[in-house]
Amino acid sequence: LAIMSEIGMYAENVTNNVNVSATGEGIAVAGLVARSGEGYKKCNFVNCTNNGNITANSSVAPVITAEDPEGKATKDKDFFVGGIAGRCDVIIAQNCVNNGKIQALSLVTRSPKGFAGGLAACAAFTAGSNYVIFEHCVNNGEVYSSLRAAGILATVGCKDNYADSQRYGGSLPFIVRGNVNN
């Protein structure tokens with residue numbers, strides 16, 4: 001559907017039936033939307049389905065030098081793979097389904113940074129973007145990652161989100177309920 005949603009978007013009854021793959025540094029790959037813009041750019045997914053296999057391969061290979069013969073100093077960049085969304089700051093997913101295999105694979109073995117989620121890899125990644133809802137979604141696909149993997153959502157929030165939680169009575173408003181990971 002989109003590589004980037006710069007200003008936010010709404011998708012309802014959208015289905016992806018093709019495999020999607022990419023190789024590179026710091027990439028995001030997904031069945032519907034790979035990335036959203038930073039800072040409250042809301043992506044809404046209602047009754048959406050991914051049937052394709054979604055794969056990202058980080059292209060960062062260990063750098064071997066005389067000083068570092070094992071490539072220990074090589075660092076990978078974060079990369080994100082999701083059945084519905086790769087990396088969306090503010091996200092609402094309701095009644096969505098992933099049936100595809102989700103893979104975030106890294107060539108770097110010492111500092112892998114792959115995030116893979118059956119529905120999404122990363123949400124609420126900028127400070128203050130405390131709005132994430134995943135309701136009644138289903139993951140039926142296998143999920144693999146070089147760092148973090150989860151059936152529904154691999155990672156949510158960042159360290160600066162906590163400061164804003166006080167306006168919500170001390171608890172983060174991340175709602176994940178009624179979901180199933182098969």
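A: The structure holds one aromatic pair, where a pair means rings of Phe, Tyr or Trp (its six-membered ring) whose centres lie within 6.5 Å. The partners are F80 and F115: their ring centres are 5.2 Å apart and their planes stand at 25 degrees, so the pair is stacked. By definition, planes under 30 degrees apart count as stacked, over 60 as edge-to-face, and the rest as tilted.

The pair links distant parts of the chain, with F80 in strand β10 (residues 79-82) and F115 in strand β15 (residues 114-117), 35 residues apart. Both F80 and F115 are buried; buried means under 20% relative accessible area, exposed over 50%, and partly exposed in between (1.4 Å probe, protein chains only).

A note on the source is needed here. This is a predicted model, in which local features need pLDDT of at least 70 and side-chain atom pairs count only at pLDDT 80 or more, while totals for chains, interfaces and linings use all residues. Residues are numbered from 1 along each chain as its sequence is written, and side-chain values use heavy atoms, with hydrogens and water left out.

Of its 182 residues, 49% count as buried. Among contacts (heavy atoms within 4.5 Å) between residues at least 6 apart in sequence, 83% join residues at least 24 apart.

Buried residues also form nonpolar cores, that is, sets of buried Ala, Val, Leu, Ile, Met, Phe, Trp, Tyr and Cys residues joined through side-chain atoms within 4.5 Å. The largest has 23 residues, of which F45, I91, C96, V132 and F134 touch the most other members. Strands β2 (9-12), β7 (42-46), β11 (85-88), β12 (90-94), β16 (120-123) and β17 (132-135) each supply at least two residues of this core. Apart from it lies another core of nine residues, including I54, A56, A104 and A116.

Strand β17 also takes part in a link between charged side chains. The side chains of R177 and E135 meet in a salt bridge at 2.6 Å, N to O; the term requires a side-chain nitrogen of Lys or Arg within 4 Å of a carboxyl oxygen of Asp or Glu. Because R177 lies in strand β22 (residues 174-177) and E135 in strand β17, the bridge ties together parts that are 42 residues apart in sequence. R177 is partly exposed, with a relative accessible area of 47%, whereas E135, at 12%, counts as buried.

Notes: Helices (H or I, at least four residues) and strands (E, at least two) are DSSP runs, numbered from the N terminus.
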